[in-house]
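Please keep the coordinates open while reading.

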Amino acid sequence: APGANVAEISRLADVRPGQIYRWRRQLEQAGHGFAQVQVQPDPDPAPVAVAGTAIIVEFERAIVRIPAGASPGLAAAVLRSVKP
């Protein structure tokens, strides 16, 4: 977002600022942009119903829900970025 501070964002996301710069550089080279992502803890580990059709991938510490309308390139990029 305009005026965003990478150091502040990286602290909030618990990543190093260099990682954000690296992701941005990799995305620019791939010709894709950023997609808005919301990460929230799942208080109930039971399966969650998703409105509409979605691809749901469960990792040890995360669940990724990708809407069925997402492009294959975006889905692949999201899954590559999540390392169990």
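**Notes on the model**

1. Start with Ser10. Ser10 counts as buried because its relative accessibility is 2%. Here buried means under 20% relative accessible area, exposed means over 50%, and partly exposed is in between, with a 1.4 Å probe and protein chains only. Ser10 sits in helix 1. Helices are DSSP runs of H or I of at least four residues, strands are E runs of at least two, and both are numbered from the N terminus. Beyond its neighbours within four places in sequence, Ser10 contacts Val15, Arg16, Pro17 and Ile20. A contact means heavy atoms within 4.5 Å.

2. Provenance and conventions. This is a predicted model, in which local features need pLDDT of at least 70 and side-chain atom pairs count only at pLDDT 80 or more, while totals for chains, interfaces and linings use all residues. Residues are numbered from 1 along each chain as its sequence is written, and side-chain values use heavy atoms, with hydrogens and water left out.

3. Confidence. pLDDT is the predictor's confidence in each residue, on a scale from 0 to 100. The protein chain has a mean pLDDT of 76. Of its residues, 74% reach 70 or more. Among the elements, helix 1 (residues 6–13) has the highest confidence, at 85. Strand 1 has the lowest, at a mean of 81. Where pLDDT is low, the predicted coordinates should not be read in detail.

4. Overall layout. The protein chain has three helices and two strands. Their order from the N terminus is α-α-β-β-α. Buried residues account for 7% of the 84 residues. Take the contacts between residues at least 6 apart in sequence: 5% of these join residues at least 24 apart. The accessible surface is about 7300 Å². Carbon and sulfur atoms hold 55% of that surface. The areas come from the Shrake-Rupley method with a 1.4 Å probe; for residues, only the protein chains shown count as cover.

5. Both ends of helix 1. Which residue caps the N-terminal end of helix 1? Asn5 does, with a side-chain oxygen 2.8 Å from the backbone nitrogen of Ala7. Just after helix 1 comes Asp14, with a positive phi of about 60 degrees. Note that this positive value occurs in a residue other than glycine.

6. Asp14 lies in the loop between helix 1 and helix 2 (17–30). Asp14 counts as exposed because its relative accessibility is 71%. Val15 belongs to the loop between helix 1 and helix 2. With a relative accessible area of 25%, Val15 is partly exposed. Leaving out residues up to four places away in sequence, Val15 touches Ser10, Ile20 and Trp23.

7. The hairpin. Strand 1 (residues 54–58) pairs with strand 2 in the antiparallel sense, over five bridges. Pairing requires that DSSP finds at least two bridges between the strands. The two strands form a hairpin, with four residues between them. Ala54 has Pro67 as its bridge partner in strand 2. For Ile56, the bridge partner in strand 2 is Arg65.

8. Faces of strand 2. Which residues of strand 2 (residues 63–67) lie on the covered face, and which on the uncovered one? Val64 and Ile66 are on the covered face. Ile63, Arg65 and Pro67 are on the uncovered face.

9. Ala75 is placed in helix 3 (residues 72–81). Ala75 counts as buried because its relative accessibility is 12%. Its C-alpha is 9.0 Å from that of Ile55, with 20 residues of sequence separation.

10. Val39. Val39 is in the loop between helix 2 and strand 1. With a relative accessible area of 77%, Val39 is exposed. How far apart are the C-alpha atoms of Val39 and Val64? They are separated by 9.2 Å, and the two residues are 25 apart along the chain.

Terms used. Polar contact = N/O pair within 3.5 Å; in protein donor to acceptor, adjacent residues only side chain to side chain.
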